[in-house]
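Welcome to my notebook. I jotted these entries down while looking around, and you are welcome to follow along.

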Amino acid sequence: MVRAKSWVLKKHFEGFPKDSDFELKEVELPKLKDGDVLFESVFLSVDPYMRPYSTRSMKEGDTMMGTQVARVVESKNPTYPVGTYVVANSGWRTHFISDGKDLHLLPFWPEKIPRSLALGTIGMPGLTAYFGLFEICKIRAGDTVLVTAAAGAVGSVVGQLAKIGGCKVVGCAGSDKKVAYLKQIGFDEAFNYKTVGSLEEALKKASPDGYDCYFDNVGGEFSSIALNQMKRFGRIAVCGAISGYNDTVPQKGPYVQIPMLFNQLSMEGFIVSRWNDKREEALKRLLKWVVEGKIKCEEHVTEGFEKMPAAFMGMLKGENLGKAVVKV
Ligand SMILES: NC(=O)C1=CN([C@@H]2O[C@H](COP(=O)(O)OP(=O)(O)OC[C@H]3O[C@@H](n4cnc5c(N)ncnc54)[C@H](OP(=O)(O)O)[C@@H]3O)[C@@H](O)[C@H]2O)C=CC1
Ligand SMILES: CCCCCC(=O)/C=C/[C@@H]1[C@@H](C/C=C\CCCC(=O)O)[C@@H](O)C[C@H]1O
């Protein structure tokens with residue numbers, strides 16, 4: 001018999017999440033039926049979307065939503081022999097039983113590449129960067145691309161893909177250590193948005209001619225300022241709005257119409273699953289760039305399933321450099 005631990009949402013978040021909003025539970029899993037597979041989670045992802053989507057689609061008492069890299073430990077399903085690795089969407093659990101549906105087998109995975117990257121650069125966040133940049137921003141060589149939350153899971157891939165595409169890249173992040181990292185991985189310009197005196201001046205200094213593309217991960221005040229520095233026919237990919245995820249009262253800001261009209265801008269929100277039909281092809285390309293060293297990957301690994309809430313709250317506070325994951 002296997003005892004599985006899970007983290008449940010005890011109380012809906014109000015403002016920034018607290019330890020007391022989470023509860024650790026333990027259950028005994030039943031015996032496998034024909035077709036079933038028993039998995040153990042090896043790495044779990046903590047992502048910003050868990051904050052807004054918990055409010056939108058979870059009830060108190062539900063297991064926290066989320067994905068993991070998991071390994072088969074017992075199987076009555078020939079598609080998933082013992083030892084097989086998958087990416088699953090089974091929430092914050094140490095073990096779970098699946099009927100084999102809605103799992104993604106890890107593609108060919110070179111020995112030297114950590115499997116945790118299937119939750120980061122070679123997974124959902126990397127795909128978000130890829131499709132947001134190529135399908136929404138429609139980058140062209142010579143474009144100047146601005147990216148926020150640039151040292152995180154999505155942003156760090158956006159910047160490196162834009163460099164592969166021949167663009168000039170400007171990144172913003174919330175610490176000097178992150179800014180130094182951005183320069184190290186090839187960003188042309190980077191600044192700490194928390195310490196620059198004026199965001200407007202910092203954006204102007206980084207690109208006096210303005211920006212062709214803005215990959216927006218944060219929304220809020222920063223984006224209102226950036227909007228005024230877009231070039232004519234600029235493209236804005238609205239990927240996320242983390243600056244507002246913990247707000248109890250929605251932010252009110254300058255409205256977008258005037259700057260959009262003056263410079264004939266395009267602004268489009270997107271969710272990465274829109275391109276599920278191109279997922280496998282994009283993952284192959286991301287894996288190849290990682291293997292070739294053209295995309296560098298950083299991970300912020302927290303050890304221990306017990307620390308899931310701390311890892312999640314730490315990521316929301318900006319403690320992570322690269323992708324935030326938990327090693328069980
Ligand atoms: N549309 C889609 O399909 C998807 C959208 N996303 C979105 O992309 C964004 C980045 O996600 P992801 O790369 O996984 O996360 P990150 O790895 O970038 O981690 C979150 C980062 O957000 C930054 N942050 C936190 N609070 C603020 C704030 N108030 N203002 C500015 N930055 C803040 C912090 O970095 P710092 O220290 O720099 O402040 C923190 O490290 C999120 O908005 C997420 O919702 C992600 C996946 C899919
Ligand atoms: C205002 C919220 C914006 C969030 C942007 C973001 O980070 C999106 C991430 C998605 C994420 C969606 C998560 C759960 C969907 C649940 C659907 C429902 O039942 O409401 C996940 O799919 C990975 C990213 O595509």
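Here are my entries, from the whole chain to the ligands.

**Ground rules.** I am reading a predicted model, where local features need pLDDT of at least 70 and side-chain atom pairs count only at pLDDT 80 or more, while totals for chains, interfaces and linings use all residues. Residues are numbered from 1 along each chain as its sequence is written, and chains are lettered from A and ligands numbered from 1 in the order in which they are written.

**Whole chain.** I looked up the secondary structure and found nine helices and 15 strands; helices (H or I, at least four residues) and strands (E, at least two) are DSSP runs, numbered from the N terminus. I then checked the radius of gyration, taken over C-alpha atoms. The chain has 20 Å, which agrees with the value near 20 Å for a compact globule of 328 residues; that rule is 2.2 Å times the number of residues to the power 0.38. The C-alpha trace spans about 65 × 45 × 35 Å along its principal axes.

**Helix 3.** Next I turned to helix 3 (residues 153-164), whose end C-alpha atoms are 17 Å apart, in agreement with the 16 Å that its 12 residues should span. The expected span is 1.5 Å times one less than the number of residues. Is this helix enclosed or open? Of its 12 residues, 10 are buried, so helix 3 is largely enclosed by the rest of the structure. Buried means that 20 or more other C-beta atoms, placed from the backbone, lie within 10 Å of the residue's own. Among the buried ones I noted Val154, Val157 and Leu161. After the helix comes Gly166, with a positive phi near 80 degrees.

**Ligand 1.** I counted 31 residues around ligand 1, with Gly152, Val154, Gly174, Gly240 and Gly318 coming nearest; a residue is near if its C-beta atom, placed from the backbone, lies within 6 Å. Helix 3 turns up again here, giving the largest share of this shell, three residues. Domain 1 (3-119 + 298-327) and domain 2 (124-273) both contribute, so ligand 1 lies between them. The domain bounds come from an automatic or database domain assignment.

**Ligand 2.** Which helix gives the largest share of the shell around ligand 2? Helix 1 (residues 50-57) does, with four residues. The surrounding residues include Tyr53, Arg56, Met124 and Ser273. Domain 1 and domain 2 both give residues to this shell too, so ligand 2 lies between them.
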